[in-house]
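Reader: I'd like to learn how to read the aromatic side chains in a model like this one. Can you walk me through it?

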Amino acid sequence: MMRQMPVSWGNFSAPFLDEVSAHLRGKRVLEVFAGNGLLAKGLTERGVDIRSTSLFSGIDGHDQGMHFPVEKIEASDAVDRYGPWADALLMSWPPANEAAAKCVVRWGKDRDVIFIGEMTRPELGFAGLGGCGSDLLFANTSVHHRFLSYVGRGFLDVAVSLRMIE
Ligand SMILES: C[S@@+](CC[C@H](N)C(=O)[O-])C[C@H]1O[C@@H](n2cnc3c(N)ncnc32)[C@H](O)[C@@H]1O
């Protein structure tokens, strides 16, 4: 029988997990939009203290098995509940609506948001329309770090650290 690969939208290669875990060492991390918990598993194995949350949908592979304990809670509610505990907010492939922008507004200006996924590049017109987040998310944040070991699944797919613009 063919072994099924675990479902993940982000590309969680070992070099990337090594780089992100080094960046997050000593920090408490709140993950939203976690799906089946594959990213949290890789980071926990590398010593990151992470609380993982998500709703569950048919496109996140949760029905093929979970990889980490993920609490079922809406993302901005998770930020309200666990934000005071956390030093960094993590999201991989958030949905293409305002949910991620809402989280970032509640998260605030002073702490990192690690974003993995397609980032819209308006200068490219239709070709630059990404499948994650919203115009509001990208208009109100700026990139202050890029994870160079990340190999995107397409040219818009990146891993960066964002901060809300003052
Ligand atoms: C495209 S999947 C990404 C899963 C995983 N992070 C990955 O990279 O493979 C998006 C996930 O976010 C969840 N989700 C969508 N809207 C949400 C919301 N408002 N609050 C919490 N989770 C949500 C979906 O159910 C799904 O698990």
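Reader: Which ring face does R51 lie over, at 5.8 Å from the ring centre?

Author: A charge sits over a ring if NZ of Lys or CZ of Arg is within 6 Å of the ring centre and within 35 degrees of the ring normal. Here R51 lies over the face of W85, and R51 also lies over the face of Y82, at 4.1 Å from the ring centre. Bear in mind that this is a predicted model: local features need pLDDT of at least 70 and side-chain atom pairs 80 or more, while totals for chains, interfaces and linings use all residues. Residues are numbered from 1 along each chain as its sequence is written, and side-chain values use heavy atoms, without hydrogens or water.

Reader: How many aromatic pairs are there?

Author: Rings of Phe, Tyr and Trp (its six-membered ring) pair if their centres lie within 6.5 Å; planes under 30 degrees apart are stacked, over 60 edge-to-face, the rest tilted. That gives four aromatic pairs. One of them, W9 with W93, is tilted, at 5.5 Å centre to centre and 45° between the planes. W9 comes before α1 and W93 sits between β4 and α4, so the pair ties together parts 84 residues apart in sequence. (Helices, H or I of at least four residues, and strands, E of at least two, are DSSP runs numbered from the N terminus.)

Reader: Is W93 buried or exposed?

Author: Buried means under 20% relative accessible area, exposed over 50%, partly exposed in between (1.4 Å probe, protein chains only). W93, at 17%, is buried, whereas W9, at 40%, is partly exposed.

Reader: What about F16 and F147?

Author: Their ring centres are 6.3 Å apart with planes at 85°, so that pair is edge-to-face. F16 is in helix α1 and F147 in the loop between β6 and β7, 131 residues apart. F16 and F147 are both buried, and ring pairs link F16, F147 and Y150 into a cluster.
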